[in-house]
Amino acid sequence: MFSGSLFRRPPNNTGHETADYRLGIDLGGTKIEIAVLNRQGDLVLRERIPNPGVYPEAVLAIRDLVTSVDHRLGAVPSHRVSAGQSTSTLGIGIPGSISPETGLIKNANATWLNDQPFGMDLESALSRPVRTENDANCFALSEAADGAAKGAQTVFGIIVGTGMGAGIVNNGRVIEGRHHIAGEWGHLPLPWPLPEDGEPRPCFCGNKGCMERYLSGPALAADWKGPGNRNTAGIEDAAANGDQAAIRALNLYMERFARACSLAINFLDPDVIVLGGGISNLASLYERVPPLLSKHVITPVCTTPIVKNLHGDSSGVRGAAWLWDVTE
């Protein structure tokens with residue numbers, strides 16, 4: 001972690017900052033997870049239930065889960081505060097974002113969420129305010145608040161797994177952008193292309209050459225074992241044991257990842273880059289990528305640290321819980 005802390009809470013002008021519990025929900029592809037933080041940011045409860053994967057049922061499942069947790073905590077939503085009662089706030093991370101123009105979900109890889117008024121429906125179902133944010137933003141926020149980037153002013157949090165996304169946190173606040181797409185790093189083109197990158201790869205977004213097509217877990221697996229392969233488990237061990245395909249795939253991956261990080265450093269210059277998702281478990285990333293940055297970063301000496309997340313698969317749900325402390 002970084003010394004000191006620049007994670008700032010907003011002025012005490014709404015009462016939400018003084019809630020006894022902060023509830024966070026991570027809406028995943030197959031599960032719905034809830035976590036509860038107390039005033040000090042300590043985890044006091046964590047629970048998972050299956051995600052029904054159908055819009056109305058998912059809203060009701062979240063409603064019932066939140067109601068049950070509040071009951072067990074003996075808490076009420078902070079806007080209904082009464083003397084002597086514990087209070088709670090609620091944030092939720094989703095695999096997409098809310099359109100500022102329409103209030104509907106967009107860009108969700110859980111396609112049944114797209115074009116739905118999810119935040120509004122959830123508020124109606126629960127009769128309480130809810131803050132909804134992209135899951136990569138929640139990841140970055142968690143690691144900035146009390147994780148691997150604690151004390152850093154500008155944090156670039158990257159999730160690389162089956163897909164690829166990122167979030168930006170500055171002074172403890174998520175940077176959303178005009179269209180709520182800030183941090184869609186995976187859909188920038190792979191920079192400084194080389195002959196070994198081949199023809200630009202088509203992406204589901206409709207463009208070609210997006211970084212996600214080269215740096216996601218399935219992309220690395222395909223470079224190792226051929227098209228259609230999606231599992232990268234054991235690739236570092238295979239390379240250490242002389243597997244030439246694994247060695248070549250990792251060499252390509254590290255060089256491409258360095259180019260991608262260099263692009264982020266050139267336009268954002270973050271104090272730290274934090275990695276999450278399955279690919280963050282590759283130990284060689286933290287050893288091999290930093291020395292490659294200087295080739296493309298426009299500064300004589302590049303010292304940007306690239307670090308692994310502290311909170312693991314809890315980071316997204318913890319970040320959702322932190323939403324009420326940083327977005328007033």
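Predicted model: local features only at pLDDT ≥ 70, side-chain atom pairs only at ≥ 80, totals over all residues.
Figure 1. Asn107 sits in the loop that runs between strand S7 (105–106) and helix H2 (118–126). The phi angle of Asn107 is near 60°, a positive value in a residue other than glycine. Most residues other than glycine have a negative phi.

Figure 2. His180 is not a glycine, yet its phi is positive, at about 60°. His180 belongs to the loop between strand S11 (173–174) and helix H4.

**Figure 3. The largest nonpolar core.** This core holds 37 residues. Those that touch the most other members are Trp185, Tyr253, Phe257, Leu285 and Leu293. Seven elements each supply at least two residues of the core: strand S9 (154–160), strand S10 (164–170), helix H4 (212–215), helix H5 (217–225), helix H6 (235–240), helix H7 (244–268) and strand S12 (272–276). Which of these gives the largest share? That share, eleven residues, comes from H7. In soluble globular proteins, nonpolar side chains tend to be buried together.

**Figure 4. Leu285 and its contacts, with a note on another core.** Leu285 is among the residues that touch the most other members of the largest nonpolar core. Leaving out residues up to four places away in sequence, Leu285 touches Tyr253, Met254, Phe257, Leu275, Ile279 and Pro290.

**Figure 5. Helix H5 and its surroundings.** Seven of the nine residues of H5 are buried, so this helix is largely enclosed by the rest of the structure. The buried residues of H5 are Gly217, Pro218, Ala219, Leu220, Ala221, Asp223 and Trp224. What do these residues pack against? They pack against H4, H6 and H7. Just after H5 comes Gly226, with a positive phi of about 105°.

**Figure 6. Ala166 in strand S10.** Ala166 lies in strand S10 and is buried, with a relative accessible area of 4%. Not counting residues up to four places away in sequence, Ala166 touches Ala136, Asn137, Phe156, Gly157, Ile158, Ala182, Gly183 and Trp185. One of these, Trp185, is also among the residues that touch the most other members of the largest nonpolar core. Cys138 is 28 residues from Ala166 along the chain, and the C-alpha atoms of the two are separated by 9.6 Å.

**Figure 7. Thr132 in strand S8.** Thr132 is part of strand S8 (residues 131–134). This threonine is buried, with a relative accessible area of 13%. Which residues does Thr132 contact, leaving aside its neighbours within four places in sequence? They are Ile92, Ile94, Ile98, Phe118 and Gly119. Gly119 is 13 residues from Thr132 in sequence and 6.2 Å from it in space, C-alpha to C-alpha.

**Figure 8. Cysteines without a disulfide.** A disulfide is a covalent bond between the sulfur atoms of two cysteines. How many disulfides does the model have? The count is zero. The cysteine sulfur nearest to that of Cys210 belongs to Cys205, 3.6 Å away, and Cys210 is in no disulfide. Cys210 is buried, at 2% relative accessibility. For Cys261, the closest cysteine sulfur is in Cys302, at 9.3 Å, which is too far for a bond. Cys261 is buried too, with a relative accessible area of 0%.

**Figure 9. The largest cavity and its lining.** The count of cavities of 30 Å³ or more comes to one. About 30 Å³ of space lies in the largest cavity. Which residues line the largest cavity? The lining is made up of Pro77, Ser78, His79, Ser88, Thr89, Arg128, Pro129 and Trp324. Sorted by type, these lining residues are three nonpolar, four polar and one charged.

Conventions. Residues numbered from 1 in each chain as written. Heavy atoms only, no water. Core = buried A, V, L, I, M, F, W, Y, C linked by side-chain atoms within 4.5 Å. Buried < 20%, exposed > 50% of the residue type's maximum accessible area, 1.4 Å probe, protein only. Helix = DSSP H or I, 4+ residues; strand = E, 2+ residues; numbered from the N terminus. Contact = heavy atoms within 4.5 Å. Disulfide = S-S within 2.5 Å. 1 Å grid on protein atoms, 1.4 Å probe; cavity = no way out; pocket = protein on both sides within 12 Å on 5 of 7 lines; lining within 4 Å. Points joined across faces, edges and corners; volume = space filled by probe spheres on them. Nonpolar A, V, L, I, M, F, W, Y, C, P; charged D, E, K, R; others polar.
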